[in-house]
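Work through the exercises below with the structure open. Try each task before reading its solution.

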Amino acid sequence: MTASDAYAKAGVDQGAADSAVAALVRALGAIELGRPSRQVPLPGHYASVIRIDERTGIALSTDGVGTKLLVAEQLGRFDTVGIDCVAMNVNDVICVGAEPLAMLDYIAIERADPEVCEQIGVGLARGAELAGVEIPGGELAQLGDMVRGFDVAGACFGTVALDAVIDGSAVRPGDAIVGLPSSGIHSNGYTLTRAALKGLPLDEDPEGRLGRPIGDVLLEPTEIYVKPVLELLRSTVDVRGLAHITSGGLGNLERLAAEVGYEIDAPLPVPPIFALIQERAGVPDEEMHDVFNMGCGFCAVVAAGDEEAAVETLRRHYPDAQRIGRTVEGSSVRRR
């Protein structure tokens, strides 16, 4: 079985998705404004930045929770998926060095259910508190002819000084890669996860290997990294690149505008849920690392001389934060 075979068999063809995105980008590139573009060039990056004057930019991102929502429906628990929605957006916005300020939510639902929507709102509010953002509004769309169940997505914006935008172009060989632990699967790879774990009772812990019921592990909210990363950015540490580790795993480091390779020689521990998924789905290591975060949810690339200070700062929030690798000459991500 080659990389991405199991994911495609489960229902997600990443190659087709990449081609679809490229098609969208081509179409959007044809927009005629009649004026110079205000976009800051950040091809392939986590968030977009629009100039509002000579000094300030607005960082923008949009994302959703994905098929993790099907697990929430199966368990009848909706009070954490709002946290996921906030996390998937704000964690992208901070990757350009911006401070997230506000977010709008969009809920598409088969029919309005006050109890379900209240639970979603509880999660959104908790996520907003953790990220330090406001949610001043949003949209609830009843789409019974189109939607079975519901979908939750959002859009976030923040501000960043144009001379402080972080795109990874300052990264040099020898820089330190500091990894922050994930809280579990986060909000990527659930199509493969659900296929792998199909038939297992979600209210049980198979063989006692997870420490709690599978359902609790699967609904563990995506970690929100905003406050520790902002603290790092406001310190004296030379932060050269920031990467939200989502689908694609540590390959997300390659989205940074740096002509370097990334050698991972001290990875963070892998939570046991990933071993369970891999065993039941028969997925090779390469694909596991391509689909999941495998225990590392966020990376900061810092100047080699600032490694100790960066780790010390981040360990105030995450005691298990550590240097997981270094940048090297060449390209791609290599694991040792």
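**Exercise 1.** How are H4 and H5 oriented to each other: oblique, roughly parallel or roughly perpendicular?

*Solution.* The model is predicted: local features need pLDDT of at least 70, side-chain atom pairs count only at pLDDT 80 or more, and totals for chains, interfaces and linings use all residues. Residues are numbered from 1 along each chain as its sequence is written, and side-chain values use heavy atoms, leaving out hydrogens and water.

Step 1. Locate the helices, which are DSSP runs (H or I, at least four residues; strands are E, at least two), numbered from the N terminus. H4 covers residues 81-93, and H5 covers residues 114-131.

Step 2. Take the angle. It is about 40°, and the axes are 6 Å apart. Axes are lines fitted to C-alpha atoms, for helices over the stretch in contact, with angles from 0 to 180 degrees between N-to-C directions.

Step 3. Classify. Angles under 35 degrees count as roughly parallel, over 145 as roughly antiparallel, 65 to 115 as roughly perpendicular and the rest as oblique. H4 and H5 are therefore oblique.

Step 4. The crossing of H4 and H5 is right-handed. A crossing is left-handed if the near helix is turned anticlockwise from the far one by less than a right angle, and right-handed if clockwise.

Step 5. List the contact (heavy atoms within 4.5 Å). H4 brings Val81, Gly82, Ile83, Cys85, Val86 and Val90; H5 brings Ile120, Gly123, Leu124, Arg126, Gly127, Ala128 and Ala131. By class, this gives 9 nonpolar, 3 polar and 1 charged residues. Here Ala, Val, Leu, Ile, Met, Phe, Trp, Tyr, Cys and Pro count as nonpolar, Asp, Glu, Lys and Arg as charged, and the others, Gly among them, as polar.

**Exercise 2.** Which residues touch the most other members of the largest nonpolar core?

*Solution.* Step 1. Define the core: buried Ala, Val, Leu, Ile, Met, Phe, Trp, Tyr and Cys residues joined through side-chain atoms within 4.5 Å. Buried means under 20% relative accessible area, exposed over 50%, partly exposed in between (1.4 Å probe, protein chains only).

Step 1. Among the 96 residues, they are Ile120, Leu218, Leu253, Ile273, Phe292 and Cys299. Helix H4 gives the most to this core, with 7 residues.

Step 2. Beyond its neighbours within four places in sequence, Ile120 contacts Phe78, Val81, Gly82, Ile107, Phe150 and Val152.

**Exercise 3.** At what angle do H6 and H9 pack?

*Solution.* Step 1. H6 (residues 190-197) meets H9 (residues 272-281) at about 65°, with axes 8 Å apart. The two are therefore roughly perpendicular.

Step 1. Their crossing is left-handed. Leu192, Thr193, Ala196 and Leu197 of H6 face Ile273, Leu276, Ile277, Arg280 and Ala281 of H9 in the contact.

**Exercise 4.** Is Met294 buried or exposed?

*Solution.* Step 1. Met294 sits in the loop between H10 (285-291) and S9 (296-302). Its relative accessible area is 10%, so Met294 is buried.

Step 1. Check the backbone. Phi of Met294 is near 55°, a positive value in a residue other than glycine. Most residues other than glycine have a negative phi.

Step 2. Compare Ser332, in the loop between S10 (322-328) and S11 (333-335). Ser332 has a positive phi of about 75°. At 28% relative accessibility, Ser332 counts as partly exposed.
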